[in-house]
Amino acid sequence: MLSRDIGIDLGTANVVIYVKGRGIVLDEPSIVAIDTTTGKALEVGEEAYRMIGRTPGNIVAIRPLKDGVIADFDVTEMMLTHFLNKINVKGFLSKPRIVICVPTNITAVEKKAIREVAEKSGGKQIFLEEEPKVAAIGAGMDIFQPSGNMVIDIGGGTTEIAVLSMGNIVTATSVKMAGDKFDQEILSYIKKKYKLLIGDRTAEEIKLNVATVFPGARDEEIEIRGRDMVSGLPRTITVNSKEVQEALEEPVSHLIHAAKSVLEKTPPELSADIIDRGVILTGGGALLHGIDQLFAEELKVPVLVADEPMSCVAKGTGLMLEHIDKIAKRKLI
Ligand SMILES: Nc1ncnc2c1ncn2[C@@H]1O[C@H](COP(=O)(O)OP(=O)(O)OP(=O)(O)O)[C@@H](O)[C@H]1O
């Protein structure tokens with residue numbers, strides 16, 4: 001019989017859905033294009049992503065989650081319902097049990113909103129799990145032993161940094177500094193240096209294609225287009241890796257500072273384990289060029305990027321689904 005248990009990484013940038021027994025069945029941007037005259041969703045996910053920055057006045061492309069939490073409840077519900085219907089064409093997933101991940105430091109009200117949105121989108125029983133724990137499990141770390149494991153999950157809206165032992169978080173922090181802020185920093189840098197306005201998608205394109213955060217580790221160029229702030233006309237410029245490294249210096253140093261403060265609060269025995277086992281990077285931000293080298297140099301411990309880092313949280317929910325009956329019992333105690 002097909003399972004009715006699903007795991008969801010309801011991310012600021014992407015939604016990834018895992019169905020028990022089937023694996024990852026959906027991976028799409030968390031974006032909805034809305035017709036403001038009717039309030040109806042025109043496109044959701046991949047199709048809506050293509051519209052960002054290119055919509056006429058009556059259409060807005062909305063990202064309903066911000067910094068890992070729901071910024072627009074109704075639009076999040078529209079989006080999640082759409083995705084669940086999309087994967088459920090044959091109707092066998094009606095009223096699923098859902099494991100869904102949340103950042104470590106969100107408020108009770110924010111948690112309630114996520115739970116409610118999952119229920120309204122069709123979930124029968126909802127289990128909330130802490131994101132870094134699930135990311136570590138999805139990255140293949142054995143967090144259930146009495147030894148220290150450190151994970152840094154760099155998403156679109158938040159970076160979750162945690163040390164885990166015996167299946168639980170020992171020390172952790174969540175900072176609102178991740179992929180989206182990196183894009184904004186690139187955008188501001190181009191605006192200041194070249195007096196050129198570029199869109200969010202162009203900033204992300206620069207990050208994906210030429211960025212590095214480790215000085216001298218990459219030497220590439222990209223031609224980009226935007227609107228000249230003085231003449232108002234379209235203009236093309238070339239941006240190189242060194243410039244992007246400069247633009248990202250400050251936001252990345254923020255992450256290093258946060259990781260150091262987590263290590264400072266970690267009990268010494270667990271710190272010793274981290275020297276042996278290293279730190280694992282997950283989330284899309286783990287793919288930022290040079291980030292592993294930079295963390296290794298600054299934290300003085302080995303740093304590894306997980307396999308398929310953007311899927312770790314969803315895979316982790318999948319592994320938790322294997323034990324969903326135990327989780328259900330635990331939550332009822
Ligand atoms: N190759 C890459 N280099 C740098 N950044 C990347 C790369 N690929 C993806 N990203 C960034 O990763 C981010 C998305 O990561 P991910 O899907 O893990 O986030 P999320 O789970 O949606 O966010 P959050 O956990 O904050 O809610 C985006 O900002 C994207 O630009």
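Mentor: A quick term before we start. A residue is buried if 20 or more other C-beta atoms lie within 10 Å of its own, exposed if 12 or fewer, and partly exposed in between. Also, this is a predicted model.

Trainee: Okay. Is Asn 209 buried, exposed or partly exposed, and why?

Mentor: Asn 209 is partly exposed because 15 other C-beta atoms lie within 10 Å.

Trainee: Where does Asn 209 lie?

Mentor: Asn 209 is in helix 6.

Trainee: What separates the C-alpha atoms of Asn 209 and Gly 283?

Mentor: A distance of 17 Å. Along the chain, Asn 209 and Gly 283 are 74 residues apart.

Trainee: Switching to the ligand. How many residues surround the ligand?

Mentor: 22 residues. The closest are Gly 11, Ala 13, Gly 155, Gly 179 and Gly 284.

Trainee: Which elements give two or more residues to that shell?

Mentor: Helix 5 (179–194) and helix 6 (200–210). Helix 6 gives the largest share, 3 residues.

Trainee: How do the shell residues divide into nonpolar, polar and charged?

Mentor: The shell around the ligand has 6 nonpolar, 12 polar and 4 charged residues.

Trainee: How many bridges join strand 4 to strand 5?

Mentor: 4 bridges join strand 4 (residues 32–35) to strand 5. For Ile 34, the bridge partner in strand 5 is Ala 41.

Terms used. Residues numbered from 1 in each chain as written. Predicted model: local features only at pLDDT ≥ 70, side-chain atom pairs only at ≥ 80, totals over all residues. Near = placed C-beta within 6 Å. Nonpolar A, V, L, I, M, F, W, Y, C, P; charged D, E, K, R; others polar. Pairing = 2+ DSSP bridges.
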